[in-house]
Amino acid sequence: MKLEIAVGDITKLRVDAIVNAANRSLLGGGGVDGAIHRAAGPRLLQECREIRRTRHPDGLPVGQAVLTGAYDLPAKHVIHTVGPVFAAERDPAPLLAAAYRNSLALAEEHGLRSIAFPAISTGVYGYPREDAAQVVKGVLAKFAFKSLERVVLCYFSPDDKAVAERILG
Ligand code: ADP
């Protein structure tokens, strides 16, 4: 597996799956979630509503992941996962690790070859970016990659990318 640390807008990436830092409702929100829904178009929200109705009536639990189409995005799929709200958890690291690990596992289940992640939980959910990068490093070091050949960590600012490179590079 080849790891790329990139800066930019994740909605522009032509990969097999981009990961959405969703909230438990799966019905959209601000930050990267809002950007993904805007760029994918209304059919993404329709599919998310259907997942809520059929599989997750109480919302998607923190750390779990689901796969949808990507509609108007250049990516082929969107994997929606829910990171922990940093201040709400006594032990947030295993929950953030689960969000990354379950997203990778879902990509592998579908035989995907490339996946791009945003910096899950480090926006509105308040996870310190250094700590989050350490969690990502731990997950990538342990994960048994099979179909996945390319993992992109897509940061939104050059400063966030520099922090990640220092820890993961
Ligand atoms: P969370 O609620 O999980 O904290 P946010 O969307 O608030 O999610 O923030 C997660 C990260 O995504 C932040 O680092 C934010 O700067 C970044 N981000 C926001 N929009 C985009 C985008 N279009 N592409 C990539 N990253 C983005």
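**Close-up views: pocket and helix packing**

**View 1. The largest pocket has a volume of about 570 Å³.** The model shown is predicted. In all, 25 residues line the largest pocket. Those closest to its centre are Ala21, Gly31, Val32, Asp33 and Gly123.

View 2. Helix 1 gives the most, with four residues. Sorted by class, the lining of this pocket holds 13 nonpolar residues, nine polar ones and three charged ones.

**View 3. Helix 4 packs against helix 5 at an angle of about 45 degrees.** Helix 4 covers residues 129-142, and helix 5 covers residues 158-168. Their axes lie 9 Å apart. The crossing of helix 4 past helix 5 is right-handed.

**View 4. Residues from both helices make the contact between helix 4 and helix 5.** Helix 4 brings Arg129, Glu130, Ala133, Gln134, Val136, Lys137 and Leu140. Helix 5 brings Asp159, Asp160, Val163, Ala164, Arg166, Ile167 and Leu168. What classes of residue make up the contact of helix 4 with helix 5? Seven are nonpolar, one is polar and six are charged.

Note on methods:
Residues are numbered from 1 along each chain as its sequence is written. This is a predicted model: local features need pLDDT of at least 70, side-chain atom pairs count only at pLDDT 80 or more; totals for chains, interfaces and linings use all residues. Side-chain values use heavy atoms; hydrogens and water are left out. On a 1 Å grid over the protein atoms alone, a cavity is a set of points where a 1.4 Å probe fits but cannot get out, and a pocket is an open set with protein on both sides within 12 Å along at least five of seven lines; lining residues have an atom within 4 Å of a point. Grid points are joined across faces, edges and corners, and a volume is the space filled by probe spheres set on the points. Helices (H or I, at least four residues) and strands (E, at least two) are DSSP runs, numbered from the N terminus. Ala, Val, Leu, Ile, Met, Phe, Trp, Tyr, Cys and Pro count as nonpolar, Asp, Glu, Lys and Arg as charged, and the others, Gly among them, as polar. Axes are lines fitted to C-alpha atoms, for helices over the stretch in contact, and angles run from 0 to 180 degrees between N-to-C directions. A crossing is left-handed if the near helix is turned anticlockwise from the far one by less than a right angle, and right-handed if clockwise. Contact means heavy atoms within 4.5 Å.
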